[in-house]
Amino acid sequence: YVPSDDMPDRQWTLSAVIGKGDDPEKQNQMSISIDFANNGHHAVCGTISTGKSTFLQTTVYSLINKYSTEELNLYLIDFSAKLLNVFENSYHVGGIMTDSEEDAEKISKFFTMMYRVMEERKALLSGSNYRDYIEHSGNRLPTVIVVIDNFASFREKTDDKYEDVIRRIAKEGIGYGIYLLITAGGFGISEIPSRLADCFRTTICLEMSDIYQYSEVMRVVKVPVCPEANIKGRGLVYYGDKII
């Protein structure tokens with residue numbers, strides 16, 4: 001919710017329903033949402049063909065059907081199966097960039113723009129943060145979500161050219177209303193490096209190669225349960241204070 005000029009001081013939210021969760025202990029099934037407002041940047045990890053791109057489709061669709069263009073802008077960088085192209089005519093989407101040679105300049109201009117946007121918002125907020133600004137001023141300053149599908153391929157094919165600006169978004173972006181939503185095979189030198197992974201509060205973990213990778217991605221010593229194998233879209237997520 002973004003408050004109107006005559007109704008300030010209302011809670012700001014940014015969340016999206018992304019599927020259903022099973023709670024075997026309580027024999028219950030519930031809707032699962034991802035919450036950018038409270039949980040910051042999100043990473044979606046899983047091995048090849050486990051449903052990461054479809055997850056992004058679901059998330060983007062959920063967001064653009066819940067929020068107006070005045071509340072939310074998205075920029076989609078697709079270095080995977082090009083499933084995000086379905087949103088090319090969405091008013092919420094400022095641009096879709098792929099690994100084609102034709103889009104190389106577009107990507108460069110986009111990250112130059114993002115650097116400028118961060119500087120502009122830093123000056124506008126004057127030491128405050130985005131959430132306080134939205135909740136108390138009543139002004140409309142759209143949240144920006146940068147979606148990157150297949151982060152490892154993106155890094156490789158751009159020679160890590162945009163590492164610095166992505167790290168800045170990861171470290172400072174939340175305070176300016178700019179969020180990252182990326183997919184990768186996991187955490188590590190060739191995927192999401194530790195210097196960036198530390199900035200991600202929330203991870204959705206689809207099927208991994210072994211149980212140790214689940215523990216690494218979910219940042220626990222041992223996961224209580226593993227998702228069913230070879231079924232796209234099955235995975236682990238935090239629901240409250242537990243993993244389901």
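1. Tyr162 has 8% relative accessibility and therefore counts as buried. Buried means under 20% relative accessible area, exposed means over 50%, and partly exposed lies in between (1.4 Å probe, protein chains only). Phe154 is buried as well, at 2%. Phe154 and Tyr162 form a stacked aromatic pair, with 6.2 Å centre to centre and 25° between the planes. The pairing rule takes rings of Phe, Tyr and Trp (its six-membered ring) with centres within 6.5 Å; planes under 30 degrees apart count as stacked, over 60 as edge-to-face, the rest as tilted.

2. A word on the basis. This is a predicted model, in which local features need pLDDT of at least 70 and side-chain atom pairs count only at pLDDT 80 or more, while totals for chains, interfaces and linings use all residues. Residues are numbered from 1 along each chain as its sequence is written, and side-chain values use heavy atoms, with hydrogens and water left out.

3. How many aromatic pairs does the rule give? The count comes to ten. The rings of Tyr75 and Phe110 have centres 5.0 Å apart and planes at 40°, so this pair is tilted. Tyr75 sits in strand E4 (residues 72-78) and Phe110 in helix H3; the pair links distant parts of the chain, 35 residues apart. Helices (H or I, at least four residues) and strands (E, at least two) are DSSP runs, numbered from the N terminus.

4. One cluster is formed by Tyr75, Phe79, Phe110, Phe111, Phe151, Phe154 and Tyr162.

5. Next, helix packing. Two packed helices are described by the angle between their axes and the distance between the axes. For H3 (residues 104-125) and H6 (residues 163-176), the axes come within 11 Å and cross at roughly 30°. Axes are lines fitted to C-alpha atoms, for helices over the stretch in contact, and angles run from 0 to 180 degrees between N-to-C directions. H3 and H6 are therefore roughly parallel to each other. Angles under 35 degrees count as roughly parallel, over 145 as roughly antiparallel, 65 to 115 as roughly perpendicular and the rest as oblique.

6. What is the hand of the crossing where H3 passes H6? The crossing is left-handed. That term applies if the near helix is turned anticlockwise from the far one by less than a right angle; clockwise gives right-handed.

7. The residues at this contact can be listed. From H3 come Phe111, Met114, Tyr115, Met118, Glu119, Arg121, Lys122 and Leu125; from H6, Val165, Ile166, Arg168, Ile169, Gly175 and Tyr176. By class, the contact of H3 with H6 has nine nonpolar, one polar and four charged residues. Ala, Val, Leu, Ile, Met, Phe, Trp, Tyr, Cys and Pro count as nonpolar, Asp, Glu, Lys and Arg as charged, and the others, Gly among them, as polar. Contact means heavy atoms within 4.5 Å.

8. Two backbone angles deserve a look. Lys82 has phi near 65°, a positive value in a residue other than glycine. Lys82 is in the loop between E4 and strand E5 (93-98), and at 27% relative accessibility counts as partly exposed. Asp159 has phi near 55°, again positive in a residue other than glycine. Asp159 lies in the loop between helix H5 (151-157) and H6. Asp159 is exposed, with a relative accessible area of 68%.

9. Thr69 is in the loop between helix H2 (52-64) and E4. Its relative accessible area is 34%, partly exposed. Not counting residues up to four places away in sequence, Thr69 touches Tyr91, His92 and Pro142. Thr69 and Thr47 are 22 residues apart along the chain, and their C-alpha atoms are separated by 33 Å.

10. Thr202 lies in strand E8 (residues 202-206). Is Thr202 buried or exposed? At 15% relative accessibility, Thr202 counts as buried. His41 is 161 residues from Thr202 in sequence and 6.7 Å away in space, C-alpha to C-alpha. Beyond residues up to four places away in sequence, Thr202 touches Asn39, His41, His42 and Ala43.

11. Ser215 is in helix H8 (residues 211-218) and is buried at 10%. Leaving aside neighbours within four places in sequence, Ser215 contacts Val220, Val221, Lys222 and Val223.
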